[in-house]
Amino acid sequence: MLAAKKSTPFFQKLQHQVMSFLYQNDLSKLLPLYSSKWNPHLFGQHYQEHFAPLKNQKLKILEIGVGGYDDPYSGGDSLRMWKQYFPKSMIYGIDIVNKKALEEDRIKIFQGSQDDELFLKNVVAETGKFDIIIDDGSHRNDHVIKTFKILFPELNDGGIYVVEDTHTSYIPSYDNWSKFSSNDVAPHWAEYGGSLDLYDQKTMMNFFKRLVDCLSHQEFIHPEYTPNYFDKHIVGIHFYRNQIFIHKGDNTAPGNVVENNILRPEFLQEIGIKSLTELNLEFPTIDDPTRL
Ligand SMILES: C[S@@+](CC[C@H](N)C(=O)[O-])C[C@H]1O[C@@H](n2cnc3c(N)ncnc32)[C@H](O)[C@@H]1O
């Protein structure tokens with residue numbers, strides 16, 4: 001029987017180059033070649049669907065989380081994949097570890113934490129606004145929410161913000177650890193800040209579920225309501241398994257039965273009143289999800 005011959009690093013590199021050239025138009029095939037992401041086929045299929053229309057544009061793309069963790073020379077797979085897929089775009093990476101060694105033509109990397117507002121603002125001051133932002137960094141619920149609040153305004157209209165690995169919403173954290181285990185020593189993944197409670201307001205899933213209402217803010221019957229930044233600029237939210245896509249654009253078109261959060265005159269007339277004040281209604285307070 002012939003022993004299988006192990007391919008040399010040179011041959012492996014050549015094979016990777018050939019395959020990535022052949023698959024350069026399809027992220028569902030390209031992602032498994034490059035990336036250490038969870039379920040590359042599933043993620044890749046959604047990336048392909050949302051990113052294909054932007055492929056040949058000249059974009060600025062930011063990914064939070066370069067990969068390789070503490071090793072400054074390891075990681076960068078997804079940055080190289082975006083570079084291959086978006087031939088005219090500039091790819092930026094952010095990591096808490098110094099990953100400068102992985103920079104190359106069209107790939108620039110900044111060192112800092114995704115929950116550091118000043119650092120993020122300094123990055124944007126250097127790069128300008130982005131067209132795509134992908135959060136694949138710490139996966140801590142508080143970080144993901146804070147980073148979105150800071151960076152979503154730094155996305156151009158028509159841009160897409162992606163959050164990966166949303167499953168950390170469901171991992172019990174230190175503050176609810178005792179409900180999960182009698183062992184006092186919680187493992188490191190308790191740092192993600194998730195919860196066993198599906199409606200826990202601290203989790204990223206609840207934060208992004210709340211933003212679904214922003215899509216319909218023009219339909220709220222609420223005379224004192226002032227639309228917030230997310231209301232006015234989120235035009236689509238797509239939830240998939242462990243991955244969310246938020247599309248940015250102009251969401252200020254008037255409502256259907258409502259205008260400026262007041263029922264249109266013809267609908268007031270239908271219920272026999274001239275103004276909503278005649279009903280003496282008390283409107284509930286609506287939280288502001290943009291607040292840091
Ligand atoms: C899952 S890996 C990224 C994988 C990479 N995006 C890929 O698909 O190949 C997560 C990275 O986030 C970095 N990271 C962890 N905490 C961070 C933080 N607070 N801010 C920025 N990066 C962080 C880690 O050092 C690690 O390299």
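**Figure 1. Salt bridges in the predicted model.** The structure holds 14 salt bridges, and the model that shows them is a predicted one. One of them joins the side chains of Glu 63 and Lys 37, with an N to O distance of 2.7 Å. This pair links distant parts of the chain, as Glu 63 and Lys 37 are 26 residues apart. Glu 63 belongs to strand β1 (residues 60-64), while Lys 37 is in the loop between α2 (27-34) and α3 (40-51).

**Figure 2. The shell around the ligand.** The ligand is surrounded by 20 residues. Lys 37, Glu 63, Gly 65, Asp 95 and Asp 136 are the closest. Sorted by class, the shell contains 12 polar, five charged and three nonpolar residues. The space that the ligand takes is the largest pocket.

Figure 3. On the backbone of Gly 65, a polar atom is 2.8 Å from a nitrogen atom of the ligand. Ser 78 contributes a polar side-chain atom, which lies 3.2 Å from a nitrogen atom of the ligand. For Asp 95, a polar side-chain atom lies 2.7 Å from an oxygen atom of the ligand. On its own the ligand has 610 Å² of accessible area, and the protein covers 91% of this area.

Terms used:
Residues numbered from 1 in each chain as written. Predicted model: local features only at pLDDT ≥ 70, side-chain atom pairs only at ≥ 80, totals over all residues. Heavy atoms only, no water. Near = heavy atom within 4 Å. Polar contact = N/O pair within 3.5 Å; in protein donor to acceptor, adjacent residues only side chain to side chain. Areas by Shrake-Rupley, 256 points an atom, 1.4 Å probe, with all protein chains shown as cover. 1 Å grid on protein atoms, 1.4 Å probe; cavity = no way out; pocket = protein on both sides within 12 Å on 5 of 7 lines; lining within 4 Å. Sits in = over half its atoms within 2 Å of the grid points. Nonpolar A, V, L, I, M, F, W, Y, C, P; charged D, E, K, R; others polar. Salt bridge = Lys/Arg side-chain N within 4 Å of Asp/Glu carboxyl O. Helix = DSSP H or I, 4+ residues; strand = E, 2+ residues; numbered from the N terminus.
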